[in-house]
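Trainee: Could you help me learn to read this structure? I would like to go feature by feature.

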2 protein chains.
Amino acid sequence: MIDEKILNVLRHDRDSYVSGEELCKLAGISRAGIWKHVEKLRHEGYEIEAVPHLGYKLISVPDALIPSEVKWKLKCRVFGREVLSYKKVDSKNDIAYELAEKGMKEGTVVLAEEQARGKGRHGRHWISPSKTGIYMSCILRPDIAPAEIPVITLMAAAAVATTIRDAVLPEVYIKWPNDILAGGNKICGILTEMKAEQDRVGFVVIGIGINVNTTRRNLPKGATSITEELCAGSRDANPRISRVELVKKILENLEALYNILKKKGSAPIIDMWKDLSDMLGSRIKVVLHNKVFEGQAHDIDPDGSLVIRLSSGVLRKVSSGDVEMVR
Amino acid sequence: MIDEKILNVLRHDRDSYVSGEELCKLAGISRAGIWKHVEKLRHEGYEIEAVPHLGYKLISVPDALIPSEVKWKLKCRVFGREVLSYKKVDSKNDIAYELAEKGMKEGTVVLAEEQARGKGRHGRHWISPSKTGIYMSCILRPDIAPAEIPVITLMAAAAVATTIRDAVLPEVYIKWPNDILAGGNKICGILTEMKAEQDRVGFVVIGIGINVNTTRRNLPKGATSITEELCAGSRDANPRISRVELVKKILENLEALYNILKKKGSAPIIDMWKDLSDMLGSRIKVVLHNKVFEGQAHDIDPDGSLVIRLSSGVLRKVSSGDVEMVR
């Protein structure tokens, strides 16, 4: 709390120095106390200059996934009202799930700088190198039945894809149900987990993993990152993307789409999803329960299923399974 | 383990005495050790006679929801292969859920003699007086999508209802989705909870609460028990029903129906459910999202939803909500 108070005063006055005396008054602690808090902020990555007789001045803020950065000027009412950050975790989704079980509010966000055991769908792994990606989980408590959960995943994919497109990389597309691709390679994966009764969802944890500044040698096969894609298209050898800015915009877009979903149902979400995908109309291969079949991606059903047109002309709905584009 | 070894020898030889020496050999422990284990079994409710020079004899077994009773001659391969019992818990479903999260196998059964905070649907309470009811939770790991979960509840209701009918009380009926009634009052409630990804169930906990030997003064309004119903119809003032026998038969029926569901899908389960319900064709009132509407219970959909015929003739599918019969 005191850290954030000090920080916010310094943020407001970035061109001049704030005297130690002023900070003492504001935080209600001694000069030595101020010094200790400034040291703590420096340790978190804030560059703070201290000049005798003048005071303190904020030189730079870190691109770190910490509450003081993510919550600063975040334009959300629900998403991010509670932000917890971890240096290294086994799985941020597991932590968010436990917090949700303990009653943490809708909109709580869990961030991690590194995951030892990042999770993908169906028990797969998600490689999560330190400090180069966004590993984020959000707790939602929607008043829906378990059968409606696929739309929550589509909503999350749409929020992330539109954020990446607007902010930095226009050429990303969603692949049903939960991947975001650039140039055919995975740039983001979304894992939705829930606790539910038979007819009512208790809570949902949306896990989002994005490769942001990750370099190719730290990425598994079939994956890419935002900076790798930017490098490929430009002469800028090493663009760095602000992860904090991306996180904030994702939260804002998530909140906007969630409000639309609650007010107007799944139709506008699915329309938006379709605009962000290049999949419909394409030939695809589906692996479902160890069986493979091909067809044309025809539509997204209002319940979030993928509708496939088989070669016989028959339409088949798929709510699970893995999809590959056939080139 | 040694307890069960001693117990099983005594069970096989209920008409004669088993010498201490024999038991020592069998269990591989001293006479004093045998005595200690016999004392422990007595403490659990087993009546064991000990006669000098003759040995030990099992006089009676307790009707206690403990592994040694439930697993004895249980005709199941999966259900009940692991049984955990507790004297008093907050909620057996919460315990089973935690165990499932830690990886406990399909078929694990959690039993409690008393619940401080028994749970009903949607955060409601389930009154669970000590040692008179069955409070049981089973862990399942079905390979299904979250949308298919309602059928698991219907399956559990069918297994319990058919058990109660066959064993003791022919006049019980299932009310959609998860209650079993006798004379219009609740005799059993079923609460299904799950952890799931968007397209795949991780595990399901089926919670079953049955009022067996509970007397009217220990039951809330609108509830009844098996013995109360038996008393009402007979001159037998105080029939006692074996809870252990009921639990075993429920587990056997659950396993049989679960195998049918896996092999043949939901249709035979739903047919069986319909045979055990008196609801279809009746006039009902549905409370859904604080709105009330009436109609005729028309059918159960293959996905487990209730289909209602409104007065306009329109059919409406309901997958959540509370249903009341209109008399």
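Trainee: Which residue is the bridge partner of Ile284(B) in strand 14 of chain B?

Mentor: The partner is Met325(B). A word on the source: this is a predicted model, where local features need pLDDT of at least 70, side-chain atom pairs count only at pLDDT 80 or more, and totals for chains, interfaces and linings use all residues. Residues are numbered from 1 along each chain as its sequence is written, chains are lettered from A and ligands numbered from 1 in written order, and side-chain values use heavy atoms, without hydrogens and water.

Trainee: How many bridges join strand 10 and strand 14 of chain B?

Mentor: Strands are DSSP runs of E, at least two residues, and helices are runs of H or I, at least four, numbered from the N terminus. Two strands pair if DSSP finds at least two bridges between them. Strand 10 (residues 283-288) and strand 14 of chain B pair over four bridges, in the antiparallel sense.

Trainee: In what order do the strands of this open sheet of chain B run?

Mentor: The order is 13-12-11-10-14, five strands with antiparallel pairing. Strand 13 (315-318) and strand 14 (322-325) of chain B are at the edges with a single partner strand each, so one side of each has no neighbour in the sheet.

Trainee: Is helix 6 of chain B mostly covered or mostly exposed?

Mentor: Buried means under 20% relative accessible area, exposed over 50%, and partly exposed in between (1.4 Å probe, protein chains only). In helix 6 of chain B, 16 of the 19 residues are buried, so to speak mostly covered.
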